[in-house]
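Keep the 3D view open as you read.

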Amino acid sequence: MSITLIEDTEEGLEQGTQQASLNLQPDTLRLDDGARASQVKAPTGCRNTGVHHVGLYAKDPAASAEFYKDVFGMEIVGGSEPGHPFGATAFLSSRPDEESHEVALFANPALAHVAFKVSSLAELRSLHAHVAERNIKIKFAVDHHVSFAFYFADPDGNMIEVYWPTGVQSDGLQPYMEPLDLAQPDEVLLRNIAPKPAEVVADGMSANGTEIESWRSQVKYVPDGTGPTYKSPIDQVAFLLTGEQTGGAFFMADVTVPPGGGTPPHIHGREEETFYLQQGTLTVQVGDKTLTASPGDLVQLPRGIVHCFQNTGNVDAKFLVMAAPAGLEKFFEEAFYPAADWPDVMPPMNDAFMARLLTAAAKCGLTFLPPA
């Protein structure tokens with residue numbers, strides 16, 4: 001079965017300075033009624049997802065931010081004082097869990113711009129090359145932490161930003177800017193934006209504010225079958241320990257994958273994964289290497305590396321997965337369905353699940369890639 005998923009920042013600034021594809025079985029996806037599902041061909045060029053934020057001039061960004069907060073109910077998610085290298089700024093979002101900011105306000109008019117979002121790092125690279133090939137001067141590429149972006153001007157001098165959200169949540173430190181070298185491989189770029197593990201957060205606190213010693217001193221006992229379980233057309237994930245139970249240090253789950261099931265090629269921007277196979281056979285593709293795991297084998301994957309796995313045996317593959325730091329559980333909670341709501345017979349992949357998968361991935365620092 002082959003399933004293809006398509007999901008449909010001149011001078012003043014310098015001074016301030018998914019497509020996804022599931023390849024599971026060599027057959028055609030069939031719907032419950034036996035009809036063939038329509039197949040969507042990947043575009044030959046880059047597809048952006050539209051204008052997702054604007055940078056506006058404001059005489060007093062802080063005062064203007066209160067206007068947007070009062071009139072539109074937006075949340076102020078960051079900003080800076082006049083002494084900042086960027087000058088006074090303010091950032092607002094109506095849905096900070098999905099968009100780091102939707103309105104950016106700058107006292108320096110040279111920072112005004114319109115921003116187009118793309119759905120993957122691969123598309124950011126593609127559009128960057130597309131602009132360069134047309135001899136359009138790219139002013140700079142930057143790591144905003146919450147996003148990777150590059151900037152250029154249209155024929156009338158209007159500043160344009162093209163950005164890909166990294167999935168890292170804003171910490172209120174906007175504006176944040178570091179040079180970005182898009183010539184570096186994905187693994188290097190994504191490693192730079194990975195959050196610190198809970199253990200290294202200052203003052204003995206984890207990323208979510210939990211006292212580390214508090215959770216470390218507590219005995220954890222999870223009887224079989226008592227943790228939340230989530231299902232999808234390709235696997236089942238039974239939670240064992242979540243970030244709330246480990247002070248944000250790690251997430252652990254028991255995963256079951258039926259024969260032929262597996263994941264598409266993807267990259268984790270936030271966490272490292274460890275698999276311990278208990279039953280069956282699991283073929284893991286890591287970059288250009290193929291690993292065949294049998295019961296008792298362990299596979300550890302650093303963040304920022306392209307990988308996927310598939311059950312190539314004839315029985316269910318069962319394995320423990322640990323992701324550190326925690327947070328991957330949020331992806332399963334949003335993308336998958338509670339097991340209690342799942343029918344006895346697993347339905348096939350459908351458009352509704354594809355949409356859930358891509359939406360959750362964008363929020364959780366996951367990037368799905370096209371097949372090699």
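## The big picture

The protein chain has an accessible surface of about 18,100 Å², and 52% of that belongs to carbon and sulfur atoms. Areas like this come from the Shrake-Rupley method with a 1.4 Å probe, and for residues only the protein chains shown count as cover. Of the 372 residues in the chain, 46% are buried. Here buried means under 20% relative accessible area, exposed means over 50%, and partly exposed is in between (1.4 Å probe, protein chains only).

This is a predicted model, where local features need pLDDT of at least 70, side-chain atom pairs count only at pLDDT 80 or more, and totals for chains, interfaces and linings use all residues. Residues are numbered from 1 along each chain as its sequence is written, and side-chain values use heavy atoms, with hydrogens and water left out.

## Helices, strands and a sheet

How many helices and strands does the chain have? There are eight helices and 23 strands. Both are DSSP runs numbered from the N terminus: helices are H or I with at least four residues, strands are E with at least two.

Seven strands make an open, antiparallel sheet in the order β19-β16-β21-β14-β13-β12-β22. At its edges stand β19 (298-301) and β22 (337-338); each has a single partner strand, so one side of each is left without a neighbour in the sheet. Two strands count as paired if DSSP finds at least two bridges between them.

## Zooming in on the pairs

Strands β16 and β19 pair in the antiparallel sense over four bridges, and T274 has Q300 in β19 as its bridge partner. In a regular strand the side chains alternate between the two faces of the sheet. You can look for that in β19: V299 and L301 are on its covered face, while L298 and Q300 are on the uncovered one.

Further along, β14 (residues 251-257) and β21 (residues 317-324) run antiparallel and are joined by seven bridges. Here F251 stands opposite A323 in β21.

## Buried charges

R270 sits in the loop between β15 (266-268) and β16 (272-279). R270 is buried without a salt bridge, and the nearest side chain of opposite charge, E271, is 5.9 Å away. A salt bridge needs a side-chain nitrogen of Lys or Arg within 4 Å of a carboxyl oxygen of Asp or Glu. For charge, Lys and Arg count as positive, Asp and Glu as negative, and His and the chain ends are not counted. The side chain of R270 does reach the backbone oxygen of K363, at 2.8 Å.

D143, in strand β8 (residues 138-143), is also buried with no salt bridge. Its nearest side chain of opposite charge, R125, is 12 Å away. A polar atom of the D143 side chain lies 2.6 Å from the backbone nitrogen of H145.

Most residues other than glycine have a negative phi, and most peptide bonds are trans. H145, in the loop between β8 and β9 (147-153), has a positive phi of about 75° although it is not a glycine. N135 has a positive phi too, of about 60°. N135 is found in the loop between α3 (121-133) and β8, and is exposed at 73% relative accessible area.

Where is there a cis peptide bond? It joins A324 and P325, with omega about 0°. P325 belongs to the loop between β21 and α7 (328-335).

Methods
A polar contact is a pair of N or O atoms within 3.5 Å; within protein, one must be able to donate a hydrogen and the other to accept it, and residues adjacent in sequence count only if both atoms are side-chain atoms.
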